[in-house]
Amino acid sequence: MTSTSQGPESGARAAHPEHIGHVIFITAAAAMGGFLFGYDSSVINGAVEAIRDRYDIGSGTLAQVIAIALIGCAIGAATAGRIADRIGRIRCMQIA
């Protein structure tokens, strides 16, 4: 009696469905990070002309201003997250 189903090839691993939730979580986090990076970049790109016109600065100084703004956003988000964990999200927004 022969079986019509074939076993896994030698050296091949079987899928582990118990890890699929973890894989989906990592994929969703990476996709959200990419989305937010693109959104931040587009917002900054919209502000570049206004900063350049308002302050009449060169391209090197403008690049430093934009980099500092993005670093400040990252630090602010990390700080606000920790504060929100301690005192609560609503209270943190009220303080801001």
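## Positive phi angles after the helices

Just after helix α2, Gly88 takes a positive phi of about 105 degrees, where helices (H or I, at least four residues) and strands (E, at least two) are DSSP runs numbered from the N terminus. Just after α1, Asp56 takes a positive phi as well, of about 50 degrees, although Asp56 is not a glycine. Most residues other than glycine have a negative phi.

Asp56 lies in the loop between α1, which covers residues 20-55, and α2, which covers residues 59-87. With a relative accessible area of 70%, Asp56 is exposed; on this scale, buried means under 20% relative accessible area, exposed means over 50%, and partly exposed lies in between, with a 1.4 Å probe and protein chains only.

## Model and confidence

This is a predicted model, in which local features need a pLDDT of at least 70 and side-chain atom pairs count only at pLDDT 80 or more, while totals for chains, interfaces and linings use all residues. Residues are numbered from 1 along each chain as its sequence is written, and side-chain values use heavy atoms, with hydrogens and water left out.

The pLDDT, which is the predictor's confidence in each residue on a scale from 0 to 100, averages 79 over the protein chain, and 83% of the residues score at least 70. Confidence is lowest in α1, at a mean of 82, and highest in helix α3 (residues 89-95), at 87.

## The helices

The protein chain has three helices and zero strands, so that its pattern, read along the sequence, is α-α-α. Helix α1 has 36 residues and reaches 51 Å from its first C-alpha to its last, close to the 52 Å expected at 1.5 Å a residue; the expected span is 1.5 Å times one less than the number of residues in the helix. At Ala47, α1 bends by about 30 degrees, the bend being the angle between axes fitted to the seven residues ending at a residue and the seven starting there.

Helix α2 has 29 residues that should span 42 Å, and its end C-alpha atoms are 41 Å apart, which agrees. Leu70 is found in α2 and is partly exposed, with a relative accessible area of 36%. Leu70 and Ser41 are 29 residues apart in sequence, whereas their C-alpha atoms are 8.8 Å apart in space.

Because they are three residues apart in helix α1, Glu49 and Arg52 are separated by about one helical turn. Glu49 is partly exposed, with a relative accessible area of 45%, and Arg52 also counts as partly exposed, at 34% relative accessibility.

## Surface

Buried residues make up 5% of the 96 residues in the protein chain. The accessible surface comes to about 8400 Å², of which 63% belongs to carbon and sulfur atoms; these areas come from the Shrake-Rupley method with a 1.4 Å probe, and for residues only the protein chains shown count as cover.

Met32, Phe35, Leu36, Tyr39 and Val43 make a nonpolar surface patch of about 520 Å². Patches are made of residues with over 30% relative accessible area and no salt bridge, with like charges joined within 9 Å and nonpolar side chains (Val, Leu, Ile, Met, Phe, Trp, Tyr) within 5 Å. Val43 lies in helix α1 and, at 43% relative accessibility, counts as partly exposed.

Methods: A salt bridge is a side-chain nitrogen of Lys or Arg within 4 Å of a carboxyl oxygen of Asp or Glu.
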